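Hi,

Here is the structure I promised to pass on to you. Have a look at it first, and my notes follow below.

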Amino acid sequence: MQENGPRLLVVAEQAKIFSHRGGNVTLPCKFYHEHTSTAGSGTHRIRVKWTKLTYDYLKEVDVFVAMGHHRKSYGSYQGRVSLRESSENDASLVITNIRLEDYGRYKCEVIEGLEDDTAVVTLNLEGVVFPYSPRLGRYNLNFHEAQRACAEQDSVMASFDQLYDAWRSGLDWCNAGWLSDGSVQYPITKPREPCGGRNTVPGVRNYGFWDKDKSHYDVFCFTSNFNGRFYYLIHPTKLTYEEAVQACLKDGSQIAKVGQIFAAWKLLGYDRCDAGWLADGSVRYPISRPRKRCSPSEAAVRFVGFPDKKHKLYGVYCFRAYN
């Protein structure tokens with residue numbers, strides 16, 4: 001149903017926008033009347049509503065609403081979103097201090113009287129996907145535990161699109177893990193017997209959707225760059241886990257998280273051949289330049305394991321946040 005006169009059109013000049021954690025971004029959206037250059041008819045007030053779409057498109061999360069001088073932001077977006085309003089027909093949304101969970105698809109809806117139209121913009125973040133399993137071993141996390149596990153390692157659960165992009169960039173992992181839409185999948189670039197069979201084609205294998213409470217798998221996490229310094233602590237002796245925690249604190253830092261070592265390795269090219277404790281009790285080391293005795297076959301964050309915290313001795317990776 002629409003009134004007489006030119007039809008309202010909403011347009012996003014770019015369908016995809018790229019940014020990173022901590023950055024600022026503008027999601028483009030403008031509105032016009034068909035066959036005219038005017039922004040509105042002048043007879044009705046313009047209402048602009050931004051929402052974030054869920055993976056099944058059945059639910060929308062309110063982000064921002066504007067009508068006249070009234071402005072309202074919602075949830076975690078409060079204090080971080082506004083309209084750009086560079087012209088009378090500009091409904092573009094400005095998001096500041098981007099968080100990992102801001103990744104996704106956003107809908108710009110403009111309403112004037114009985115007319116409305118929408119446009120969708122995807123916000124992509126630079127970052128890295130990494131597989132994660134806890135000290136208990138593989139396939140020990142239900143969906144909710146997987147969410148918490150990623151959050152504890154300075155990351156969020158990866159989406160299918162993020163895992164797919166990581167697979168295209170070479171991620172190969174034989175253990176199935178939860179994704180943020182509730183599906184369980186894993187990426188294979190080198191088909192082999194234990195991972196779906198040698199004669200299968202490379203791809204992202206899909207186990208489908210499983211019970212979020214009763215089913216247990218690993219998880220794929222996603223993290224982006226950080227505002228701080230990741231480093232291997234130079235210390236005169238090797239350390240137990242508790243000694244490692246205290247050594248970082250004494251240096252004005254905290255023991256680093258798994259997401260931080262992956263971000264430093266992937267986004268900053270961090271390379272160190274020394275195994276070190278991380279916050280979850282695992283021991284790892286990042287190699288961006290493969291060489292003898294240091295991951296000779298590929299660039300990777302090498303996983304040593306979850307050693308005995310009280311008796312095994314290693315170095316430690318620390319992280320100091322910038323204010």
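A nonpolar core, as I use the term, is a set of buried Ala, Val, Leu, Ile, Met, Phe, Trp, Tyr and Cys residues joined through side-chain atoms within 4.5 Å. Buried means under 20% relative accessible area, exposed over 50%, and partly exposed in between, with a 1.4 Å probe and protein chains only. The largest such core here has 90 residues, and L27 and W50 have the most contacts inside it. Helix α4 gives the most to this core, with six residues.

Before the rest, some housekeeping. This is a predicted model, in which local features need pLDDT of at least 70 and side-chain atom pairs count only at pLDDT 80 or more, while totals for chains, interfaces and linings use all residues. Residues are numbered from 1 along each chain as its sequence is written, and side-chain values use heavy atoms, with hydrogens and water left out.

Now the overall picture. The protein has four helices and 23 strands, where helices (H or I, at least four residues) and strands (E, at least two) are DSSP runs numbered from the N terminus. Of its 323 residues, 48% count as buried. Its C-alpha atoms fill a box of roughly 80 × 50 × 35 Å along the principal axes.

The unreviewed UniProt entry annotates "domain: Link" at residues 128-223 and 228-320; its positions are in the numbering used here, feature names are shortened, and annotations may be inferred rather than shown by experiment. Residues 128-223 are 20% helix and 29% strand, with end C-alpha atoms 6 Å apart. For residues 228-320 the figures are 23% helix and 28% strand, and the end C-alpha atoms lie 5 Å apart.

Back to α4: eight of its 11 residues are buried, so the helix is largely enclosed by the rest of the structure. Among those buried are F262 and W265. The buried residues of α4 pack against β12 (128-132), β17 (218-223), β18 (228-232), β21, β22 and β23, contact meaning heavy atoms within 4.5 Å. Just after the helix, G269 takes a positive phi of about 70°.

Which rings pair up? A search of the whole structure finds 19 aromatic pairs; rings of Phe, Tyr and Trp (its six-membered ring) pair if their centres lie within 6.5 Å, with planes under 30 degrees apart counted as stacked, over 60 as edge-to-face and the rest as tilted. The ring centres of Y241 and W277 are 5.6 Å apart and the planes are at 75°, so this pair is edge-to-face. Y241 lies in helix α3 (residues 241-250) and W277 in strand β20 (residues 276-277), so the pair ties together parts 36 residues apart in sequence. Both Y241 and W277 are buried. Ring pairs also link Y139, F143, W178, Y186, Y207, W210 and Y217 into a cluster.

Finally, S295 may be worth a look. S295 is in the loop between β21 (283-287) and β22 (300-305), and is buried, with a relative accessible area of 5%. The S295 side chain reaches the backbone oxygen of E298 at 2.4 Å; a polar contact is a pair of N or O atoms within 3.5 Å, and within protein one must be able to donate a hydrogen and the other to accept it, with residues adjacent in sequence counting only if both atoms are side-chain atoms. Leaving aside neighbours within four places in sequence, S295 is in contact with I287, P290 and R302.

Best wishes
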